[in-house]
Amino acid sequence: MHLVSAGVTDDTTGLWAAWDAARAAARQQLELGRWWYVGPFDHTDGKGFETAYPPESGVDLKARYPGKAGKTLRWQSGERFRDGEDNSLRIFGDDDWIAVYLYRTITSPVARRLPVLLGSDDTLTVWLNGKKLLAHNTSRACRLGDESLTLDLKAGENQLLLKVCQGAGPSGFAFAMDVQSDALVEGIARDWPEQLQGFLAELDWLRQDKLDGPEPDWRAGLAKALALARATAPLVEDAGYEDALRGIEAAAKEPAADLRGLYLQARHLRRAALLRRPECDFTDLLLELRPPPLYSHMGDQYLGRHSRPGPGLTRLHDWRGKPTAEYLLRGKLPSGSVLHPDLSPDGRRVLFSYCDHTPANPEQRAFFIWELDLATGKPRQLTHDPDPPGAPREHGMQVEDFDPCYLPDGGVVFVSTRNRGFGRCHGGRYVPAYVMYRVEGDGSGLRRLSFGEANEWDPSVLPNGRLVYCRWDYINRHDTLFQSLWSSRPDGSVVEHYYGNYTVNPCMISEARAIPGTDRVVATATAHHSYSAGSLVLVDPSKGQDGQAPIERLTPEVPFPETEGWSSVGTYATPTPLSADLYLAAFSPWPHVVQGNVQRANAYGIYLVDRRGGRELIFRDPAVSAFTPLPLRARPAPPALPSTLVKGRHDGTFFVQDVYRSTEPIPPGSVKRLRVVELLPQPTASVASRSRAEDEIAKRVLGSVPVNDDGSVAFRAPAETPLLLQLVDEHDQAVMSMRSQVYLQAGETSGCIGCHEPRNGTPPPAAARATVVRDLEPPAGPRYAGGFSFARSVQPVLDRYCLGCHGLDRTDAGLSLLGTPTGQFSTAYDSLLSRPGLVALAQRNEETWRSRPGDYGARAGKLAGLLLRGRAEHTRLDAASRQRVTTWLDLNAQFYGDYAFQRAERRAPSEDGLKALRAELRKTCASCHRSLPDQPAAALVNVAIPPESRVLQAPLAESAGGWGQCRQGWPDTAAAGYRALYNLVLAATGPAGEE
C-alpha cells in the first residue's frame with residue numbers, strides 16, 4: 001500500500017498496520033456494558049438540570065425512586081439503545097419537561113484514556129465513577145459529536161452515568177467511542193511525522209465514504225471513488241487520466257482484487273490530477289492557526305474576549321507535496337489569537353487582526369490591525385486602542401478592529417467597534433455593533449466608511465475596485481434572516497445591494513471573495529446563531545439580486561445552517577477561490593455547532609474543494625484548527641477608484657428619477673412627498689423599551705420634500721447619518737416605507753432610478769429637465785432632542801381634541817386617551833395599541849419580509865382613516881395635528897425616542913407643584929372651566945414637554961402656536977399670565993423617572 005500526494009510516494013504499509021492495530025485495540029480491549037435507564041424525573045421550568053435526584057448519589061439497579069407526578073421509578077434495560085446512533089428517549093408517552101438518567105459500566109483490563117463522542121436533546125450531564133465531567137444546560141437536537149470527552153478509565157469496572165433533561169418535543173441521547181480520536185492521530189504524528197498529512201488525507205477519504213467503521217465495504221467505497229473520479233474528468237488536464245481509471249476498473253474485476261488498495265489508488269489519481277491544474281501552481285500557502293472562539297454567534301464570535309490563543313499566522317511550505325508549517329509570529333508577539341489575514345497584491349505583506357492574551361481578564365482583550373513584512377519578518381501595529389489605559393470606557397465599550405483588507409489605493413479597510421453602538425436584539429449581552437473603517441497604509445487618516453446601525457463583516461475587493469461585504473439589516477423586519485451582501489466604493493460612497501436582502505435562505509452570507517476571471521463571488525452561507533461556517537456558494541449577481549437563481553451550491557451535502565437545519569456531516573468556512581472550479585477552504589467534519597456550544601479546538605483543516613463535489617484534505621494540525629488559506633503569490637491588483645467626495649461638507653444630495661418605478665405597484669400620482677427619517681443607533685448593551693414592538697429602533701423625522709408630478713425628487717440630507725425614506729400621500733400617510741437604511745458620505749451625490757426598482761432592468765430615458773435640489777422641510781410639532789416621542793408630539797393632539805370624549809368625564813368606546821404614565825408607557829398609548837386593528841404594528845419577527853405599499857403604519861391601521869373619514873368629532877383635527885399622528889403611526893408607533901432608563905416621559909408630577917397650579921387655576925379659570933382645577937394631572941401638565949401642556953396651549957392664541965380655545969387667552973408667550981402659569985407648570989413637573 002502506498003501513500004501518493006502530487007507525485008510524492010512513500011511506502012506506508014507499516015503506518016496503516018499501526019493505525020489498524022490501534023483502532024482494533026480501542027474496540028477490543030473494552031467491555032461496554034448494557035445501557036440502563038430510569039425516569040421520568042421532574043424538569044418543570046428547567047429545574048431538573050440543577051436538581052440532584054437519587055441516582056446522582058450512587059447507582060443501585062434494584063432501587064426504587066419517586067418520580068414525576070408521583071410515579072414510582074425503577075431502572076429498566078436499554079437493550080434497544082445502539083452506540084453510534086441517536087437513541088430516542090420519547091419512551092414515557094408524550095410527557096414533556098422530564099429528566100432521564102442513563103447508566104452503563106465500562107470494563108478495561110488496564111487504566112487508559114478513552115475518547116468518546118456524545119449528543120443529547122436537550123441538556124447533558126456526565127459522571128464517571130461519581131466525578132462530574134460535563135454539565136451543559138442547553139436546548140438542541142440530538143447529534144452525535146456535539147460533545148466530546150476523554151474518559152480516564154481505571155483498571156476494572158467503571159461506572160458511566162448520564163442525565164438528559166428535555167423541555168418540549170423530542171428527546172434523545174447518543175454515545176460512541178471516538179475510534180478516529182485525537183489520541184490515535186497524535187500517535188501517528190509522533191511516530192510518522194513526515195507521512196502525517198498524506199495519511200490524514202487518506203483517512204479523511206475513508207470518513208467521507210463511510211469506510212471508517214469496523215467492517216468497511218471496500219467494493220462500495222471503490223464504486224464511490226470511481227464515480228467521483230469520472231465526474232471530475234472535465235476538470236482534469238491529463239491525457240492519461242481516462243486510461244488510469246479504466247485500469248482500476250479492470251483490476252477491480254479480478255477475483256483476488258485488493259479493493260482497499262484500488263480505492264486508495266482511484267482517490268490518489270483524482271487528487272494528483274487536480275493538484276496539477278495551473279491554478280494550483282504555487283508553492284506555499286498562508287494560513288491562520290487558532291481554535292474556534294468560545295462563543296458561537298455571528299455577533300460575538302469576533303470579539304477578543306471570546307478568542308482562544310493559537311500559533312496564528314503560518315506559512316505552509318510545499319502545500320501540494322509534504323506540507324510543513326512555519327509559524328511566522330513565534331517569538332515576535334505574545335500569546336494571542338489571529339483573525340482573517342489578507343495578502344497584499346504583490347504577495348509581500350500580510351494584514352491581520354491580532355488579540356494579545358497577556359491581560360488575565362478576557363474583557364480587556366481586543367483585536368487590532370497589524371501588518372507583517374514577509375521578507376523581514378517584522379510585524380507592525382496599524383491601529384491602536386483610542387482609550388488610555390485604565391480610563392473609563394464609554395458605555396463599557398472595548399474598541400476592537402478586525403477583518404482587514406488591502407485597498408487598491410494603498411489604504412486598508414477593516415471592521416471596528418469604534419462606532420460605539422450595540423445590537424438591539426441581544427437581551428443586554430455585550431455584543432457591540434461594528435462597521436467599516438479605513439486607514440492609510442501607514443496607519444494614519446482613520447475614517448469611518450459606513451454609517452449603518454447594525455453589524456457589518458469581512459470586506460473584500462471586487463475586480464472592479466469596489467468593496468463587497470456582509471451587512472445586517474433588521475429595521476422593522478426579522479432580526480435573524482437578513483445578513484446579506486452589499487457593495488460600496490472604497491471611500492464608502494455609492495452603497496448598493498449586491499445579493500440577498502430579500503432572501504431568507506440562507507439567512508447570512510459572509511466571507512465573499514471574488515472568483516478570478518469572473519464577475520461572481522464565492523461565499524459562506526452561514527447561520528445567525530452560530531459561527532461563520534456552513535455551506536459554500538457561488539453568487540452570480542447577473543442572475544438577480546435575490547432568490548435562489550443567483551446561487552450555485554458548491555457543497556450541496558451541507559444544508560444552509562439554521563434555515564435548512566444543522567449539518568451533521570460537517571461545515572465549511574473562509575473560502576478562497578483559485579478559479580471557478582477549485583477553492584481552498586477550512587472544513588470541519590464535525591457537526592455544525594449551534595449557539596450555546598463550543599466547537600472543538602482542532603475541528604477545522606484546510607481542504608481543496610472542487611465544483612464536482614470533491615473535497616481533498618491539504619493540511620490538518622492535530623492540535624488546532626486552520627482557517628483562511630491564501631496562496632502566497634502575487635496577483636493582479638484591482639483598479640484604484642478615485643474618491644469623488646468633497647472635503648469640508650456636512651451634507652450630501654439624494655435624487656430619485658421616478659418613485660413609481662418599483663418592484664411593488666405604486667399608483668401614479670399617489671405620492672406627494674418624500675419623508676426622511678433618521679435612525680438612532682443603540683448606545684448601550686442594556687436599554688429600556690421604546691415601544692410595544694420589541695427591540696424597536698428609535699427614529700426621528702428630519703423633514704420631507706415634495707415629489708414632482710413625474711415622480712422625481714432631489715434633496716439635501718445630513719451626511720454620515722443612517723436614514724430611512726418614506727413615500728407619503730396627500731394625507732401625510734406612508735404609501736411605502738423603507739425597511740433598510742441608506743446614508744451619504746460628506747459631499748456625496750447619490751441616487752437611484754426608483755424606489756425598489758428592478759436592479760437589472762434598463763431605466764427609461766429621462767426627459768431633460770432642471771432638477772431642483774430641495775432642503776428638507778421640518779415636520780409638524782414641537783422641536784426637542786432625541787427621537788420621536790409619543791408624549792411630546794402625539795399626546796398634545798389628544799389633549800386638544802380627544803379628552804372630552806376619551807378620558808375626562810367620558811371614555812367612549814372604552815378608550816381613555818389621558819397621558820397618565822403606566823407600567824412602561826401611558827394610558828393613551830396602551831389604549832390605542834390594545835384596540836385590535838386600530839394601529840398596525842410591525843412586531844418583532846412577525847413582520848413581513850419586505851416592504852409593500854400600505855403594509856404597516858398609518859395606511860394599514862384604522863386610526864388614520866377615522867381621523868379622515870370618521871364622525872365629525874374625529875375629523876376636526878387640523879392638518880398639522882393630523883400629521884403628528886400619522887407620522888407616529890408610520891414610525892411603527894414608537895413611544896420613546898431614546899434608549900435611556902431615565903426619561904422625561906416618566907416624570908412623576910410634584911405634589912406641591914400641582915397643588916399650587918390647581919390653586920391658580922381655581923383663581924383664574926374656574927369661572928369658565930369649573931372642573932378644570934380638579935382634573936387629572938395628565939390633563940393639565942405634559943411632564944415630557946411642559947410648553948405643550950394643555951393648560952398652557954388652550955389659552956394661547958393660534959397665531960402664537962397655541963390652540964386659541966379661550967376667549968380671554970394670551971396673545972403670545974410673552975404675556976404676563978402665560979409666564980406666570982408656565983412657571984407653575986414647571987414647578988409641577990418632577991424629575992425624570994424610570995420605567
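**A short tour: sheet, strand, helix**

Start with an open sheet of three strands, ordered E43-E40-E46, with mixed pairing. This is a predicted model.

Select the edges next. They are strand E43 (713-718) and strand E46 (749-752). Each has a single partner strand, so one side of each is left without a neighbour in the sheet.

Now pick strand E40, residues 651-656. E40 pairs with E46 in the parallel sense, over four bridges. Which residue of E46 is the bridge partner of phenylalanine 655? Select glycine 751 to see that partner.

Move on to leucine 727. Its place is in strand E44, residues 723-728. Is leucine 727 buried or exposed? Leucine 727 has a relative accessible area of 3%. Buried means under 20%, so leucine 727 counts as buried.

Show what surrounds leucine 727. Leaving aside neighbours within four places in sequence, its contacts include Val659, Ile666, Val671, Arg673 and Leu674. Also among them are Gln733, Ala734, Val735, Met736 and Cys755.

Then draw a distance from leucine 727 to valine 338. The two are 46 Å apart in space, C-alpha to C-alpha. In sequence, 389 residues separate leucine 727 from valine 338.

Finish at helix H6, residues 259-275. H6 has 17 residues. From first C-alpha to last, H6 reaches 24 Å, close to the 24 Å expected at 1.5 Å a residue. How many of the 17 residues of H6 are buried? The count is 16, and H6 is mostly covered.

How values were computed. Residues numbered from 1 in each chain as written. Predicted model: local features only at pLDDT ≥ 70, side-chain atom pairs only at ≥ 80, totals over all residues. Heavy atoms only, no water. Helix = DSSP H or I, 4+ residues; strand = E, 2+ residues; numbered from the N terminus. Expected span 1.5 Å × (residues − 1). Buried < 20%, exposed > 50% of the residue type's maximum accessible area, 1.4 Å probe, protein only. Pairing = 2+ DSSP bridges. Contact = heavy atoms within 4.5 Å.
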